[in-house]
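This report describes a sheet, a helix packed on the sheet, and a few side chains between them. Please look at the sequence and the model first.

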Amino acid sequence: MNVDKINQIIKSSNGFEQTVGMEFISTPEPDTCMGRIHVERKVMQPFGYLSGGAVLALAETLAGAGSVSLCPDCKCVGISVTANHVHSAAEGETVTALGHLVHKGTQTHVWRVDVTNEAGRLVSTVTVTNFVKKM
């Protein structure tokens, strides 16, 4: 999936994604998308690890970018996000999120997003459901 347009939108908006350092990466498969975030103080919880909220934000934003890339003439918004956090990521690491489209309906998309650390160990697995509406 090509996310160049999404990256342009993010860079020009100077919004949340840019503030926390999210980066989106194009993938060769049309039903996958990838992003990453560096674990630093602004995305950590007080105990020194990546915040679960930051993981959810990364996964939901990534799935939204994927849905918009698939349906550029639509508004795509998250309506459900669920996660299981199974391992931590410490300061200095970079985590990578790989989203797989599980369902592409006319009004909903469901994504499974696996977040892994630099060693390839699963940190979190997240399911995101997006509502898709023609503009």
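Which residues of H3 are buried? They are Ala54, Val55, Ala57, Leu58, Ala59, Thr61, Leu62, Ala63, Gly64, Ala65, Gly66 and Ser67, where buried means under 20% relative accessible area, exposed over 50% and partly exposed in between, with a 1.4 Å probe and protein chains only. The model is predicted: local features need pLDDT of at least 70 and side-chain atom pairs count only at pLDDT 80 or more, while totals for chains, interfaces and linings use all residues. Residues are numbered from 1 along each chain as its sequence is written, and side-chain values use heavy atoms, with hydrogens and water left out.

Helix H3 covers residues 52-70, and its 19 residues reach 27 Å from the first C-alpha to the last. This is close to the 27 Å expected at 1.5 Å a residue, the expected span being 1.5 Å times one less than the number of residues. Helices (H or I, at least four residues) and strands (E, at least two) are DSSP runs numbered from the N terminus. At the start of H3, the backbone nitrogen of Gly53 has a side-chain oxygen of Ser51 within 3.1 Å.

**The sheet.** Six strands make an open, antiparallel sheet in the order S1-S2-S4-S5-S6-S3. Its edge strands, S1 (23-25) and S3 (74-85), each pair on one side only; two strands pair if DSSP finds at least two bridges between them. S4 (residues 94-104) and S5 pair over eight bridges in the antiparallel sense. Leu101 stands opposite Trp111 in S5. H3 packs on the sheet and touches S1, S2 (32-38), S3, S4, S5 and S6 (122-134). The direction of H3 makes about 40° with that of S6; axes are lines fitted to C-alpha atoms, for helices over the stretch in contact, and angles run from 0 to 180 degrees between N-to-C directions.

His109 lies in strand S5 (residues 108-116), and Asn130 is in strand S6. His109 counts as buried because its relative accessibility is 0%; for Asn130, at 1%, the class is also buried. The table gives their polar contacts (N or O atoms within 3.5 Å; within protein, one must be able to donate a hydrogen and the other to accept it, and residues adjacent in sequence count only if both atoms are side-chain atoms).

| Side chain | Partner side chain | Polar contact |
|---|---|---|
| His109 | Ser67 | 2.8 Å |
| Asn130 | Ser67 | 2.9 Å |

Leaving aside neighbours within four places in sequence, Asn130 is in contact (heavy atoms within 4.5 Å) with residues including Ala63, Gly64, Ser67 and His109.
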